[in-house]
Amino acid sequence: MHNNKIDAALRGHHSGSRRALLKSLGAAGLVTAASGLALPAHVLAQLSDESTTANQAGGKPKHGGRIRVATTSMSTKDTLDPAKASLSTDYVRIYMFYSGLTQFNRELGADPALAETIETEDQQNWHFTLRSGVTFHNGKSLTPQDVVYSLLRHKDPAVTSRAAPIAAQFQEVVVTGPNTLRITLNAPNADLPVMLASANFCIVADGTTDFTQTANGTGPYQQKEFSAGVRTIGVRNPNFWKPGKPYLDEVELVGIADESSRVNALLSGDIQMALAVNPRSTKRVKRSGTCDVLQTESSLYTNLIMRQDGYPTSNPDFVLAVKYMMNRELIKRALFRGYATIANDHPVAPSHKYFNHELPQRPYDIDRAKFHLKKAGMSGIRVPVFASPAAEGSVDMAALLQLSGIEAGMHFGINRVPSDGYWSNHWMKHPLGFGNINPRVSLDELFSLFYKSDAPWNESGWQNAQFDELLIAARGEGDEIKRKQMYWDMQELIADKCGVSIPVFMNLIDGYDKRVKGFYPIPTGGLMGYSFAEHVWLDA
Amino acid sequence: MMSVFKSMPVSGKLGSALVAFWLFIALFGPWLAPHTASEIVAYDVFEPIGGEYVLGTDYIGRDVFSRILDGTRFTIFIPLLAAALACSAGTLIALYSAVSHPRTDEIIARFMDALISIPSKIFSLVMIAAFGSSVPILLTITAISYMPGSFRIARALAVNVASMDFVTVARTRGESRLYLAVKEILPNILHPMLADFGLRFVFVVLLLSSLSFLGLGVQPPEADLGSLVRENISGLAEGAPAVIVPAIAIATITIAVNLVIDSLRGGATYAAKGK
Amino acid sequence: MKVIFQLILKRIGLSLITLFIVSAVVFFIANLLPGDAAQEMLGQSATPEAVAALRDAYGLNDPPLTRYAKWLGGLVTGDAGTSLANSRPVSELISSRLSQSLLLAGLTAVIAVPFAMVLGIVAAMHSGRRIDKIMNIATLTMVAVPEFLLATIFVLVFAVELNWLPSLSYIPSDAGLYDYFRAFALPVATLCIVLSAQMARMTRAAVLEQLSQPYVEMALLKGSPLSRAVLRHALPNAVGPIVNAVALSLSYLLGGVVIVEVIFNYPGVASLMVDAVTNRDMPLLQACAMLFCTGYLILVLIADLAAILANPKLRTGG
């Protein structure tokens with residue numbers, strides 16, 4: 001389901017998911033005890049005590065066993081290079097073999113990983129102390145030089161890093177001692193720890209340039225077999241830096257593109273975990289008795305893009321008319337069987353701490369749509385809309401929009417184009433088309449990437465000076481209440497003026513064999529934010 | 001025409017009736033449908049037969065009956081046209097090739113081999129990636145994909161016939177190549193080519209459904225019967241009519257077409273043999 | 001014998017010419033694809049500068065003819081180039097998959113071809129009778145079911161419900177004969193059904209065609225039994241169309257099995273080529289296409305030779 005987004009790994013701020021987590025874990029409370037790490041409080045929001053959570057998720061962890069896990073895709077593009085990771089299968093593989101300086105936790109903060117402490121005074125100069133005694137799979141010890149190399153290689157165009165736009169913020173990464181280093185950013189950014197938790201920023205050994213055959217990381221599993229487009233097998237790394245972890249002897253990773261095959265494989269016992277189960281298949285999985293689904297609330301969304309430089313989408317009344325034509329309830333119900341959260345035409349999910357809950361929910365209102373169409377002088381107009389399976393749910397959304405359009409007195413002609421090549425050939429290239437945006441770690445990152453006037457993926461070509469000013473101001477705003485107000489205003493601007501319509505946020509659904517324990521949602525992605533391999537065990 | 005029908009065996013009559021039925025659906029189905037094909041009528045998905053909706057509902061709650069009525073035309077007309085194009089073009093080129101100078105024959109055969117050697121699914125995949133998926137493109141791609149196959153079959157038959165005594169006699173008689181092709185060879189390969197047409201019709205139906213499996217076939221909200229099977233495949237485990245009925249529809253269409261062709265052929269061939 | 005040997009040589013020469021035409025066609029078609037590997041590689045992060053730089057690195061900025069010449073030159077010298085998607089030699093990528101594809105194709109052919117022949121001949125011998133009619137409907141039904149539906153039904157019945165066979169065609173590294181059987185049972189069954197129905201029908205048609213010829217009727221009138229007439233007279237003359245049908249069907253096993261590969265997660269060449277299209281990995285795409293075409297041409301060559309050998313008139317150089 002997750003397409004070739006550059007930044008799909010850099011997702012995830014979704015802080016209010018605590019409530020959601022409690023719900024999905026049943027009665028199990030989530031105790032997030034502070035660990036003994038020396039961390040400035042402002043850096044790491046919450047730290048979860050590993051053993052506590054593990055116990056609550058299904059008894060005492062056991063060692064041993066092997067599982068096979070299926071994600072949604074695999075191809076010759078499968079990679080062992082963290083910088084090139086772009087799809088769910090890659091993220092899982094990277095998190096199996098590598099570790100980052102930090103890692104995402106279930107509360108959407110970042111826990112320190114290879115970094116033992118992270119300190120900053122000004123959010124621009126960051127000081128890292130590395131965990132000692134960490135070794136790469138080939139026996140080499142982890143040094144600050146490895147980190148410097150790993151981070152700076154993203155800036156080399158020849159590496160074709162998926163995280164290059166993020167790495168552009170690194171002004172300087174230097175070794176400051178035998179076990180310490182400093183990252184200096186172009187400008188302050190409080191979100192650096194979460195950014196570094198993405199798969200792309202995992203740490204490789206200094207000087208590694210050939211990633212075609214071997215992965216030499218510090219992660220929980222060592223590579224036993226890697227065959228692009230076929231399978232990846234990892235065996236337990238006995239020297240993993242988290243004592244006792246991981247639990248499984250062996251994890252095999254495959255990609256099964258066809259959803260019904262994936263679910264069948266789960267039900268027949270050929271795989272033990274499956275990423276991205278369709279809402280319609282959940283009934284079948286649950287009925288099996290041996291398997292269950294895990295729901296992860298996310299801020300993943302598929303949105304309608306109305307280019308501000310195209311006809312007729314440059315007309316603000318047309319844009320508003322279309323927004324009123326979005327039958328959000330029906331989309332949630334019919335397309336996602338309820339596994340979705342209604343959205344309000346802006347990218348901030350209701351569970352987010354900066355979610356503007358005073359902004360009235362835009363209703364499905366054909367009369368208002370008619371009014372705005374008339375005002376734009378576009379009643380009866382025919383407009384082509386481009387949809388693709390690449391943007392999940394967009395084809396069916398387009399079909400629903402077409403129906404609303406007929407009621408409102410206009411016609412949407414649906415052009416369904418193949419997933420293949422969608423992002424390079426169609427996305428943002430038509431006046432009316434669909435996009436699909438993965439959850440983001442911080443609103444600043446989300447807005448900077450997709451909504452700022454000069455954003456690299458300003459999907460609708462939206463230019464709004466007021467929005468840009470607010471965004472810059474919010475970065476440097478120390479006062480939480482003022483900052484929150486700024487984000488509220490920005491949401492309102494997007495909802496009212498921007499040429500995107502976001503009907504719903506989609507929940508992620510994973511299927512798993514009930515013998516797999518220790519499995520809980522980490523909202524940065526399916527399969528525990530792709531990092532299940534480190535956490536789960538088999539209760540066979 | 002009526003007499004042909006009367007002389008048919010029972011299977012042929014059954015086939016003709018089915019073909020007539022599906023042609024009727026293909027022509028008038030969209031007008032007969034109680035709902036529009038894309039309208040979501042129910043919250044419940046994969047409803048069984050006999051509820052509020054005759055054939056239940058599909059994977060997002062649309063009326064299966066209406067969708068089948070609407071989708072049949074794609075499954076009938078695209079393959080019909082494509083198979084007709086492929087077979088007639090293939091046969092004509094084969095005839096031309098069979099009576100031409102061996103060198104011309106060879107060149108045509110090489111070129112056809114080059115074309116046919118590209119697997120049809122892969123060819124379709126590349127062409128659709130290049131030109132997008134629309135009904136005319138699908139028609140063109142499927143016709144091109146199956147034409148060289150028809151050619152090969154027709155040529156193998158034609159070369160066989162052309163080496164027979166009666167053709168050699170006609171040739172030495174000084175008959176024109178057109179005469180040889182049309183009067184001597186064509187009638188003798190027509191029946192196997194009709195069988196080939198029947199199979200090719202089926203192939204196109206199946207290629208279309210394969211393409212829909214890969215997301216490249218008839219594009220939503222339109223859907224041919226193969227797409228209906230594909231999009232509802234997750235309902236198979238619960239025996240949803242949304243997947244079973246279109247599959248049965250495809251089967252009856254293809255079987256009916258072949259029964260008709262078989263019985264037409266039987267009328268000519270077996271009758272002569274007195275079987 | 002010498003004549004036949006020369007014929008074979010000639011056919012091989014002609015196949016090489018065809019292969020050359022194929023290379024041009026393949027290169028042309030592959031270049032119709034919009035976008036390129038540089039864009040696919042960078043995905044959403046493709047800035048014009050980055051794309052331009054990567055294109056340069058991949059040699060995509062050369063004029064098409066230069067690229068074609070380079071590629072063809074490489075092929076002739078046995079170098080299929082380097083995959084743009086993962087920088088491994090194309091030959092290496094293909095060879096690991098090809099053995100898998102050939103295994104699947106071989107197993108299917110070994111079962112499907114004799115099965116289809118027998119089915120077709122029996123149907124032809126009993127043409128018009130009940131057994132023929134039943135077989136007719138059966139083969140038509142077999143042809144008419146979309147293969148993804150057939151495969152899914154098999155998986156649901158034999159893997160999910162009965163739990164007899166795995167739903168994925170996966171061969172563990174320490175696989176024994178039994179593992180192979182289990183892994184291949186469902187995909188081979190699916191392919192056999194799809195292919196043998198088609199071959200059986202063509203066989204039946206070709207044999208029937210010969211049975212209606214005067215010389216067979218003569219033989220029958222002279223009192224030779226039907227089975228003898230079929231085996232001694234009709235079959236040799238029907239070999240041409242039959243082997244053609246078989247060749248066509250078997251060529252399907254290389255490139256046409258995408259869907260079976262996808263459903264059973266079987267790492268064959270067809271899905272490799274689909275990847276190549278998606279990634280705009282031209283060296284891989286072109287190499288796969290050439291591979292399929294070569295495979296097909298070899299099959300056709302065999303079919304042609306069989307037809308020549310079977311038809312006495314063609315054998316003496318017609």
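Predicted model: local features only at pLDDT ≥ 70, side-chain atom pairs only at ≥ 80, totals over all residues.
Me: How many residues of chain B are in contact with chain C?
Reply: In this contact 50 residues of chain B meet 56 residues of chain C. The largest share of chain B's side, 12 residues, comes from α10(B). By class, the residues of chain B on that side divide into 28 nonpolar, 13 polar and nine charged.

Me: How many helices and strands are there in chain C?
Reply: Chain C has 14 helices and zero strands. Helices (H or I, at least four residues) and strands (E, at least two) are DSSP runs, numbered from the N terminus. Chain A, by contrast, has 18 helices and 20 strands.

Me: Why is Tyr215(C) called exposed?
Reply: Tyr215(C) has 12 other C-beta atoms within 10 Å. A residue is buried if 20 or more other C-beta atoms lie within 10 Å of its own, exposed if 12 or fewer, and partly exposed in between, with C-beta atoms placed from the backbone. Tyr215(C) belongs to helix α9 (residues 214-221) of chain C. Under this definition, 52% of the 318 residues of chain C count as buried, and buried residues make up 59% of the 540 residues in chain A.

Me: What makes α12(A) largely enclosed by the rest of the structure?
Reply: Of its 15 residues, 12 are buried, so the helix is largely enclosed by the rest of the structure. Among the buried residues are Met397(A), Leu400(A), Leu401(A) and Asp396(A). After α12(A) comes Gly409(A), with a positive phi near 90°.

Me: What span does helix α12 (residues 394-408) of chain A reach, and what is expected?
Reply: From its first C-alpha to its last, α12(A) reaches 20 Å, close to the 21 Å expected at 1.5 Å a residue. The expected span of a helix is 1.5 Å times one less than its number of residues.

Me: Which residues have the most contacts inside the largest nonpolar core?
Reply: They are Ala158(B), Val204(B), Val207(C), Met273(C) and Cys288(C), in a core of 357 residues. A nonpolar core is a set of buried Ala, Val, Leu, Ile, Met, Phe, Trp, Tyr and Cys residues joined through C-beta atoms within 7 Å. Ala158(B) touches Ala94(B), Leu95(B), Ala98(B), Ile185(B) and Ile189(B), not counting residues up to four places away in sequence.

Me: How do you know that β5 and β7 of chain A pair?
Reply: Five bridges join strand β5 (residues 125-130) to strand β7 (residues 180-185) of chain A, and the two run antiparallel. Two strands pair if DSSP finds at least two bridges between them, so these strands pass. One of the bridges links Asn125(A) with Thr184(A). Both strands lie in an open antiparallel sheet of four, ordered β4-β5-β7-β6 (chain A).

Me: Why are β4 (115-120) and β6 (170-175) of chain A called edge strands?
Reply: Each of these strands pairs on one side only. From one strand of the sheet to the next, the twist averages 20°. Helix α4 (residues 144-152) of chain A lies across β5, β6 and β7, at about 160° to β6(A). Axes are lines fitted to C-alpha atoms, for helices over the stretch in contact, and angles run from 0 to 180 degrees between N-to-C directions.

Me: In what sense do strand β14 (residues 382-387) and β15 of chain A pair?
Reply: They pair in the parallel sense over six bridges, and Arg382(A) has His411(A) as its bridge partner. The covered face of β15 (residues 411-416) holds Phe412(A), Ile414(A) and Arg416(A), and the uncovered one holds His411(A), Gly413(A) and Asn415(A). In a regular strand the side chains alternate between the two faces of the sheet.

Notes
Residues numbered from 1 in each chain as written. Chains lettered and ligands numbered in written order. Contact = placed C-beta atoms within 7 Å. Nonpolar A, V, L, I, M, F, W, Y, C, P; charged D, E, K, R; others polar.
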